[in-house]
Amino acid sequence: MNIVVCVKHVPDATADRHFEDDNTVDRVGVDGLLSELDEYAVEQALQLKEKNEGSEVTVLTVGPEQAADAIRKGLQMGADKGVHVVDDAVAGSDAPATSLVLAKAVEKIGRENVDLVVCGMASTDGSMSVVPAMLAERLDLPQVTFGSVIEMQGKEVRIKRDGDTATEIIGGTAPLVMSVTDQSGEARYPSFKGIMAAKKKPVETWSLSDLGVEASQVGLAAAWTEVVETAARPPRTQGEIVTDEDGSGATALTEFLASKKFI
Ligand SMILES: Cc1cc2nc3c(=O)[nH]c(=O)nc-3n(C[C@H](O)[C@H](O)[C@H](O)COP(=O)(O)OP(=O)(O)OC[C@H]3O[C@@H](n4cnc5c(N)ncnc54)[C@H](O)[C@@H]3O)c2cc1C
């Protein structure tokens, strides 16, 4: 079985987020890492590989030079090879453009030989959650998204999708695009052996021209949407302390909660 996992390199969420003058995220001048939610996608792909002897997992990323770190982490976890699409023209791309480049890369990897394309549920920076669906549409493949439990028997795939009011079991037949949630199972840490082995695993680097994508089809100028404005979150205000000096604390607390419509 051939599995492609789409992994995004994102700015470290624990660090301050910087925006460029055009309101795109500064992805170059900041520390980045493999999007935490994509680690679950790598994990599910590796579990499927382990259950299906002879399978191969390719990690695919579209991003700047630093995005090679995301590939490396996927390889250290156990993926077999990596594909990095890097091209200056990609900067500022929105979800439609990103899905176009990913789709063209999957086609170049070998659309007819790929059984599963596995994605995370959302990136931790853009959080659109739409790239997997767009990718499925572009590849003309079925999609099963937001899986919290993944099962595969032969080519039949079943995922459990947990909603607010119901749980759905959704089935599909590979080849298909799947996205998995952070409930799908703890992602493994790279072992020392995995870290050493990753150094020897093949990584291909492709530009847009390798994929037959025109620079005019991607980037900020081609984006369907625009981030018009960004603002830092206001600093936290000091909380209100309810004192209970004369036995009136419970009443004061209740009144406070009622005034905020919590009760
Ligand atoms: C603050 C902010 C606001 C934004 N607003 C918009 C907006 O309004 N409209 C818009 O179209 N874009 C927007 N973007 C841009 C967005 O980051 C990119 O378009 C991005 O490439 C796709 O959207 P996403 O990261 O939200 O993907 P999602 O749909 O959340 O990603 C889901 C999965 O797709 C895969 N994936 C996504 N990107 C890549 C990649 N580059 N390489 C490999 N796999 C990938 C991963 O498996 C990921 O888990 C915004 C970004 C930021 C930071």
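1. A side-chain N or O atom of Thr225 lies 2.8 Å from a nitrogen atom of the ligand, a polar contact in the sense used here (a pair of N or O atoms within 3.5 Å; within protein, one must be able to donate a hydrogen and the other to accept it, and residues adjacent in sequence count only if both atoms are side-chain atoms). Ser123 places a polar side-chain atom 2.6 Å from an oxygen atom of the ligand. At Ser127 a polar backbone atom is 3.2 Å from a ligand oxygen atom. The ligand taken alone exposes 910 Å², of which the protein buries 88% (accessible areas by the Shrake-Rupley method with a 1.4 Å probe; for residues, only the protein chains shown count as cover).

2. The model is predicted: local features need pLDDT of at least 70 and side-chain atom pairs count only at pLDDT 80 or more, whereas totals for chains, interfaces and linings use all residues. Residues are numbered from 1 along each chain as its sequence is written, and side-chain values use heavy atoms, with hydrogens and water left out.

3. The ligand is surrounded by 30 residues, the closest being Cys6, Lys8, Asp38, Ser123 and Met128 (a residue counts if one of its heavy atoms lies within 4 Å). By class, this shell holds 15 nonpolar, nine polar and six charged residues (Ala, Val, Leu, Ile, Met, Phe, Trp, Tyr, Cys and Pro count as nonpolar; Asp, Glu, Lys and Arg as charged; the others, Gly among them, as polar). Helix α3 gives the largest share, four residues.

4. Overall, the protein has seven helices and 12 strands (DSSP runs numbered from the N terminus: helices are H or I with at least four residues, strands E with at least two). Its C-alpha trace spans about 75 × 45 × 40 Å along the principal axes. Of its 263 residues, 39% count as buried (under 20% relative accessible area; over 50% is exposed, in between partly exposed; 1.4 Å probe, protein chains only).

5. His84 belongs to strand β5, residues 81-85. With a relative accessible area of 4%, His84 is buried. The His84 side chain reaches the backbone oxygen of Gly63 at 2.9 Å, and a polar atom of that side chain lies 3.1 Å from the backbone oxygen of Pro64.

6. Lys108 lies over the face of Trp206, at 5.0 Å from the ring centre (the criterion is NZ of Lys or CZ of Arg within 6 Å of the ring centre and within 35 degrees of the ring normal).
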